[in-house]
Amino acid sequence: MVSPNTKSFLIDVLLVSPFLLLLVFFIAIPFAVSIYYSLTSGSSSSFTLSNFIQIYSSPSYLNSIQNSVVISLESAALSTLFGALLAYAFTLLSPTVRDIIRSVLLLPIIYPGLVIAFSLVILIGTSGILTNILAKYFGFYLPDVFNVRSYGGLILAYQSFLIGFTSITLSGVFLSLDKSLIEASRSLGAGVFQTIFRVVLPVIAPGLVAAFIQAFIIAISGYGTALALVGGGGNLITLRIIMLLSDVTYEPHLASALAMNIAMITIPLALIYNRLLKKVAGGVV
Amino acid sequence: MKLSDALYVFSKIVSYITLFAIIAYIFLVSFVPVIGAFALKWEFSILPEVWTLNNIKFLLEDPFVLRSLYSSLLIASITSVVSVTIYLLVIMFLFLRERSRWVHTFVEVSVLIPLMLPAILIALAIYEVYRPTMLGGTYWILVFAHLTIVSPYVFRNLYSVARMIDMKTLIEAARSLGAGVLTATYRVILPNIYHGLIGAMLLAFAVSFGDFEMANLLAPWQYRTVTIAIFQYFFKNAWNASAIILLVIIVSVLTSFLVAYLSRKALARYVEVVR
């Protein structure tokens, strides 16, 4: 006869073990291995910092880190701004319209980033449809001003799905913003700007930071959109990692060290994000 | 007119214009491939100059594309079912009895790890660790990789539903009335979280189906996915590739349609039971 205690313990183990196995075998062990890889070189198994030294002494790798960070910061700033404007617009709309618009905003999140990149090339690439129409009827050749297969184009492509994330995260914040707070502040004699900076901003600030971090992490760690849009012509960390993993040059150690540079930025940010998320209702993830 | 009123009207106008512009942009980038899938020549006008069904014919006849569709459907289905099962079990564990705050925090944080690490880092490490093992040349290596990236979506969905229906009290009630854990799950928990379950499954399916970044590195050559097919065909023939993109769009829309239908049915049943 199995005692009730043993039985409930067995049930616990059964319930939790698939998750723990997944966690250990496909997250913990791979992460440990990539740390190990980044600290060793292919030739010997002793620990070395040579991969990191190679990265930090190469202007081209440093440039790729700088490019990735700058592009992600710009993408995150833009998408947080647009997401906030959208979230504000949501508060003015009826719930039905709001739900329809939200599901439209979710579409590019589900689509692969690849699709967005290709659509942009079809639309405003060097021989894109809109480019051709503008050139034919208005005598204006768009690629002279804006080349879509560039970092600028990448930021534009990122907006299509980052705005979905930021606006949905922020709409929870904006909708829960108590209107009576604003009215109280106004009736007590505060000006518009005073109300915005003293009353509204402190309430929505955690949401804004959370949305910004979320967008930044997504922008810096993805590579599908960048590969389709800028391809080998771009110098971004993720693209350099992909190049190190091609059949010609397969260097998992250097690639892991490069990937660690992203992780060192994203892990602390994600921890802050997780803290902030507790204060913010809603969000896609 | 006072300054504050003017500012209010101005902010309203700005936010409406932004809303309109962003929706237009999203529609444009989402539906250009849908029209392109039926284009033979499309260069200088709003709609294609010459329409054709050849791209669809290509889609249905090209063995590589068909094979990739099969792989994607297979991998996404397995990923969605397995991930929902795993996280349903964990959530049952969390709510079966009083658990300390640390257990909840541990699960919450570890589920978020895949968001903190770039997909390429996890993919590279999984590739290095499991290529020499028996997982190596099979599609299971990609299934396990996808299980990691879908976990935040699946867990957060199920967890919020479990809290909403007060799963802990439900389980306690069922068990104090004499139901075993299995009976309680089957008769009480499952019917109550049906919506959340299907919603999480859909998200997992969509994330796995749309993934390119892990598949690009991990998919064995006979299991290359739809997104890889799109990538390979785009620079050869954009309209052929658009046909494959159309397929991805149809599958996502169909899935969400099916799910909406199922959850409506489940809701109707729930209302009946309550009556």
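**Exercise 1.** Count the residue pairs in polar contact and the salt bridges between domain 1 of chain A and domain 2 of chain A.

*Solution.* Step 1: one residue pair is in polar contact between these domains, with both residues at pLDDT 80 or more. A polar contact is a pair of N or O atoms within 3.5 Å; within protein, one must be able to donate a hydrogen and the other to accept it, and residues adjacent in sequence count only if both atoms are side-chain atoms. Step 2: the count of salt bridges (a side-chain nitrogen of Lys or Arg within 4 Å of a carboxyl oxygen of Asp or Glu) is zero.

This is a predicted model: local features need pLDDT of at least 70, side-chain atom pairs count only at pLDDT 80 or more, and totals for chains, interfaces and linings use all residues. Side-chain values use heavy atoms, without hydrogens and water.

**Exercise 2.** Describe how domain 1 of chain A and domain 2 of chain A are placed and joined.

*Solution.* Step 1: domain 1 covers 1–38 and domain 2 covers 52–277, with bounds from an automatic or database domain assignment. Step 2: their centres, taken over C-alpha atoms, are 35 Å apart. Step 3: five residues of domain 1 are in contact (heavy atoms within 4.5 Å) with seven residues of domain 2.

**Exercise 3.** State whether Ser79(A) is buried or exposed, and list its contacts beyond four places in sequence.

*Solution.* Step 1: Ser79(A) has a relative accessible area of 0%. Step 2: buried means under 20%, exposed over 50%, partly exposed in between (1.4 Å probe, protein chains only), so Ser79(A) is buried. Step 3: its contacts are Gln159(A), Leu162(A), Ile163(A), Thr166(A) and Ala215(A).

Definitions and conventions:
Residues numbered from 1 in each chain as written. Chains lettered and ligands numbered in written order.
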